[in-house]
Amino acid sequence: MRWLKFLIALLTTLFLIWMGNTHNPFGSPVPAIGKFMSPFDGFWINAERSALPFEQELSFDQLESDTKVVFDERLVPHIFSDNLEDAFFVQGYLTAKYRLWQMDISTRATGGYLSEVLGPRTKKIDIRQRRKGIRWAAENMVNNWTHTGEIGWMEAYTNGINEYIKTLTPEEYPIEFKLLGYEPEPWTPLRSAFFLYGMVEELSSRNLDLRASNSLKALGPDMFEFLYPEHNPDQTPVIPTEKTWDFEPIWEDTISENALSSLIPDHQVFENPSEFAGSNNWAVSGSKTNTGLPILCNDPHLGLSLPSIWYEIQISTPELNSYGVSLPGVPGIIIGFNENIAWGVTNLGHDFVDWYTIKWANEDKTTYWMGEDKLDIRMEEETIKIKGEDPHTEKVKYTIWGPIAYTDENSPLYDMAMQWLGHYTFNTDKRSQISTFIGLMKAKNHEDYVTAMRCFDMPPQNFAFASNEGDIAITANGRLPIKFDHQGRFLQDGSNPRNTWK
């Protein structure tokens with residue numbers, strides 16, 4: 001009997017140890033609690049020291065110049081270097097030190113790589129992102145950096161991130177990696193492109209084509225145009241008064257059953273950004289201030305997150321000295337100021353997504369009509385790794401408009417192509433968004449600001465500007481598709497060449 005009790009106790013102990021050190025036991029989402037609770041390499045190791053680092057002399061084999069970092073009382077790093085690439089290396093190192101898991105999970109979410117670490121629960125999200133063509137677009141962005149020479153900045157930043165990752169032992173992994181049971185992977189410029197495309201997706205993916213098409217069918221063209229004019233001349237504030245308004249309705253008709261039955265079923269398609277998001281920026285002339293200098297204010301209404309999407313930083317080299325906020329995954333400063341100018345960025349908010357019905361030319365749906373011509377689709381195979389399962393291969397068809405985003409026959413956008421500004425690579429002969437922000441970090445006046453703006457095209461943004469010389473400016477900057485009246489408001493015929501963007 002005694003040996004039986006001992007055997008039961010031993011087996012129970014071994015079972016508990018196995019449970020505690022196995023991630024997803026029996027398919028459960030529960031993390032490996034044993035490893036997570038271990039006093040040797042668990043979450044206890046992630047406790048932060050109460051003393052701030054304040055000042056650090058950094059020495060890495062990759063650095064070509066003396067580089068120093070000073071932290072203020074809010075742990076904001078101030079980087080001082082004799083070389084811009086060295087400064088970006090240190091920016092990457094520090095951003096990874098404080099934001100590594102945020103950088104990892106956000107780029108996985110955008111690029112469609114969540115299932116590698118989260119398992120089959122995120123498979124649909126990954127498929128959605130792959131079918132949007134984001135990986136293909138991000139690869140084009142990296143190729144453009146290589147063509148323009150900007151890849152040097154991206155590689156310096158990437159090398160800094162990887163230098164930090166190399167210093168980590170498993171017990172030093174950020175707590176989120178321990179909870180989910182996976183290791184940080186080396187960073188690449190492609191992952192920086194994924195981060196940027198997360199912003200592009202947030203800022204330029206809103207569309208109402210399906211809903212507008214349904215409303216047009218239900219209401220008719222006259223009432224639709226009255227309710228939803230393309231260019232509303234009456235977009236002025238309504239000033240409320242105590243008087244009760246008394247007016248006759250202008251329309252009391254009912255929607256016929258025939259009109260309703262002809263509607264395309266609506267549903268939640270690729271998720272639109274929040275309808276209540278809205279950024280703003282402005283500048284005040286120095287003639288209206290006590291100091292005689294302009295004031296610039298910038299308020300970007302991005303989604304609230306913890307940690308913040310912004311990483312505050314100062315970068316100082318012989319060629320620039322700029323302070324502001326960066327994006328954790330991209331070198332440079334996005335919104336900020338230097339000794340001479342300040343700049344802000346908010347979203348432009350135009351319609352940059354159009355949907356097209358496709359007229360297939362064969363049963364296999366490998367060719368389609370464009371006017372009187374038959375065009376071949378381009379097929380891209382997307383391999384999605386899934387933790388605990390075999391990889392999934394998703395075949396995505398590309399037309400001249402863009403990818404066929406939906407393959408579910410029950411989807412109202414089934415077999416339609418998505419044309420999105422994010423798929424365009426404009427800067428094959430000039431520099432990109434990265435050069436814009438580095439140009440702004442260096443800028444001394446309005447002329448430098450205008451020069452920096454020439455590099456920025458996507459997603460179009462509102463840039464606000466102010467300088468110590470007294471100039472203020474606002475620029476709606478970027479490439480905009482030129483459309484004829486009502487183009488892109490509704491679902492379009494993909495076999496009609498007239499519907500091409502200019």
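This is a predicted model: local features need pLDDT of at least 70, side-chain atom pairs count only at pLDDT 80 or more; totals for chains, interfaces and linings use all residues.
Which helix gives the most to the lining of the largest cavity? I will come to that after a word on the model. Residues are numbered from 1 along each chain as its sequence is written, and side-chain values use heavy atoms, with hydrogens and water left out.

The answer is helix 9, which supplies 4 residues to that lining; helices (H or I, at least four residues) and strands (E, at least two) are DSSP runs, numbered from the N terminus. A search of the whole structure finds 4 cavities of 30 Å³ or more, and the largest cavity holds about 290 Å³ of space. A cavity here is a set of points, on a 1 Å grid over the protein atoms alone, where a 1.4 Å probe fits but cannot get out, and its lining residues have an atom within 4 Å of a point. The volume is the space filled by probe spheres set on the points, which are joined across faces, edges and corners.

Of the 23 residues lining the largest cavity, the closest to its centre are Met 199, Leu 203, Ile 334, Phe 437 and Gln 461. Besides helix 9 (189-204), strand 9 (341-347) and helix 13 (433-442) each supply at least two residues of the lining. By class, this lining has 18 nonpolar, 5 polar and no charged residues, where Ala, Val, Leu, Ile, Met, Phe, Trp, Tyr, Cys and Pro count as nonpolar, Asp, Glu, Lys and Arg as charged, and the others, Gly among them, as polar.

Helix 9 itself is largely enclosed by the rest of the structure, because 14 of its 16 residues are buried; buried means under 20% relative accessible area, exposed over 50%, and partly exposed in between, with a 1.4 Å probe and protein chains only. Its end C-alpha atoms are 22 Å apart, which agrees with the 22 Å that its 16 residues should span at 1.5 Å a residue, the expected span being 1.5 Å times one less than the number of residues.

Turning to the strands, 3 of them form an open sheet of mixed pairing in the order 15-10-18. Strand 15 (417-420) and strand 18 (492-493) stand at the edges with a single partner strand each, so one side of each is left without a neighbour in the sheet. Two strands pair if DSSP finds at least two bridges between them; strand 10 (residues 353-357) and strand 18 run parallel and are joined by 2 bridges, with Tyr 356 opposite Gln 492. Elsewhere, strand 11 (residues 367-370) and strand 12 (residues 373-376) run antiparallel, joined by 4 bridges, and they form a hairpin with 2 residues between them, where Gly 371 in the turn has a positive phi of about 65°.

Finally, some loops deserve a look at their backbone. Leu 75, between strand 2 (67-71) and strand 3 (77-81), has a phi near 65°, a positive value in a residue other than glycine. His 486, in the loop between strand 17 (472-477) and strand 18, also has a positive phi, about 70°, although it is not a glycine. In the loop between helix 14 (446-453) and strand 16 (461-467) lies Pro 459, which is joined to Met 458 by a cis peptide bond with omega about -5°.

Definitions and conventions:
On a 1 Å grid over the protein atoms alone, a cavity is a set of points where a 1.4 Å probe fits but cannot get out, and a pocket is an open set with protein on both sides within 12 Å along at least five of seven lines; lining residues have an atom within 4 Å of a point.
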